[in-house]
Amino acid sequence: MSEKETFWLGIDCGGTYLKAGLYNSQGKEFAIERQSVRTLSPQPGWAERDMAELWQHCAATISRLLQRTGVGGENIQGVGISAQGKGLFLLDKNDQPLGSAILSSDRRAMEIVKRWQQDGIPQKLYPLTRQTLWTGHPASLLRWVKENEPQRYVQIGCVMMGHDYLRWCLTGVKGCEESNISESNLYHMTTGQYDPCLTQWLGISEIDPALPPIVGSAEISGEITAQAAAITGLAAGTPVVGGLFDVVSTAICAGLEDEYTLNAVMGTWAVTSGIAKGLRDNEAHPYVYGRYVNDGQYIVHEASPTSSGNLEWLTTQWGDISFDEINKLVDSLPKAGSDVFFLPFLYGSNAGLDMTSGFYGMQALHTRAHLLQAVYEGVVFSHMTHLNRMRERFTDVRALRVTGGPAHSRVWMQMLADVSGLPVELPQVEETGCFGAAIAALVGTGIYQNFSDAQQTLNYAMHTLTPDMNAHAAYQRKYHRYQILIEALQGFHARIKEHSL
């Protein structure tokens, strides 16, 4: 490697792994380093992360990447970070981590969200925030802390989310990155600023002084400190940009820039996203909007934590079984040929707050292959809930671009094409979080004028799967029965509530 060769560092903090990648000015991946990160569950429904440990893992991952590749810190021209959205990372008034971070998949605030729903708070917030209310929103979690840990609440000095915290660790500069904070229920989508009306309605106005400045995705928000340089191997003074909500990072890597293509992200969360030129009123569904990286554009979502995390949990319980073996088992069965259904609601649902996960329709004749096929189908059917709603908003969609772990499964992706009836396009980008974060750094340091310029220049291969329309008809019949099962279980939960009153 030439001493003059330069790179940009992209960091991705996901639900299972923290990754760091090096990219050159043409977006070519030079190397990736990975480190698993723990999710703590001290109580049922809780999902936490040790903040000090997360920073140690991040610093060590960067250090290993540079040592393994022989790249010196002085060769890194800029740093960007992509991370899970929402959740809550708190610093106290002395700039120390205030307890464990709470992740977006956490459900401890369930009763608070239900109470807000009964009081009509979501309808009051939506015209300003363009967000639904979810248990993993910073606003919901802050209210939970206020009610359940008041001593911790009064110590809050700074409210952040995942990549904001890591950026602060690297630079010592506080800020909330716009593509992420815009989906927090603390941000007014039209004005582009915090709105004290929101925290007042949510009963958490005390945290207003703890909300740090909003920073742009490609805005240079700080520089690597001497302390961070000493433990990462990066050079002090290296610019660090605001970074990206990981769904936005994925949309950039999927090449989204108009209303003809949607992006499905399959991870812990099932997310379907599209790019819109503006806000609309009186829409068919309360779509979630967020600030996108291009001026005047918004990213529009439908999402729930109902995707491939369900498969990961199940295979953990079963013991060692490879992804290749799972795909072979599922592929060995006729498409939509089983009466077994799986509800992918281990971490939350898109069919009501009370819905939980489970199999239905199992008989003694069914094998592990049938159960795995049902998991694949259940995840796809859950994605269809969001995709169908999004197609009411984006009426001229021609293709679905898919990213996330399941995109590596031809079997699963063909199933998605068959169920949706849309061509499924698979961008050949291995690490969309790292790459998107590096693109933000490339734009922020002036290599590209803006994100559109970067997207048009950084071309990469696309693999396409076309739907089998015969299978589509069979899957539609099974999907309809899945919907009937959901409705029946919603009735079950409603009757339980009636009897408990």
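**Close-up views of a predicted model**

**View 1. The largest cavity.** The largest cavity has a volume of about 80 Å³. Among its 13 lining residues, Gln84, Lys86, Phe89, Leu103 and Gly162 are the closest to its centre. By class, this lining holds 5 nonpolar, 6 polar and 2 charged residues. A cavity is a set of points, on a 1 Å grid over the protein atoms alone, where a 1.4 Å probe fits but cannot get out; lining residues have an atom within 4 Å of a point. Grid points are joined across faces, edges and corners, and a volume is the space filled by probe spheres set on the points. Ala, Val, Leu, Ile, Met, Phe, Trp, Tyr, Cys and Pro count as nonpolar, Asp, Glu, Lys and Arg as charged, and the others, Gly among them, as polar. The model is predicted: local features need pLDDT of at least 70, side-chain atom pairs count only at pLDDT 80 or more, and totals for chains, interfaces and linings use all residues. Residues are numbered from 1 along each chain as its sequence is written, and side-chain values use heavy atoms, with hydrogens and water left out.

View 2. How many cavities of 30 Å³ or more does the structure hold? There are 2.

View 3. A pocket is an open set of points with protein on both sides within 12 Å along at least five of seven lines.

View 4. Serine 105 sits in the loop between strand S7 (101-102) and helix H2 (110-118). Helices (H or I, at least four residues) and strands (E, at least two) are DSSP runs, numbered from the N terminus. Is serine 105 buried or exposed? With 19% relative accessibility, serine 105 counts as buried. Buried means under 20% relative accessible area, exposed over 50%, and partly exposed in between (1.4 Å probe, protein chains only). Neighbours within four places in sequence aside, serine 105 is in contact (heavy atoms within 4.5 Å) with Gly45, Ala47 and Tyr347.

**View 5. Two loop residues with positive phi.** Most residues other than glycine have a negative phi. Arginine 130 is not a glycine, yet its phi is positive, about 55°. The loop that holds arginine 130 runs between helix H3 (121-129) and helix H4 (138-148). Arginine 130 is buried, at 6% relative accessibility. Asparagine 185 also has a positive phi, of about 70°. Its loop lies between helix H7 (178-181) and strand S10 (187-188). Asparagine 185 is buried, with a relative accessible area of 0%.

**View 6. The whole chain, for context.** The protein chain has 17 helices and 24 strands. Its C-alpha trace spans about 65 × 55 × 45 Å along the principal axes. Of its 501 residues, 59% count as buried. Among contacts with a separation of 6 or more, 74% join residues 24 or more positions apart.
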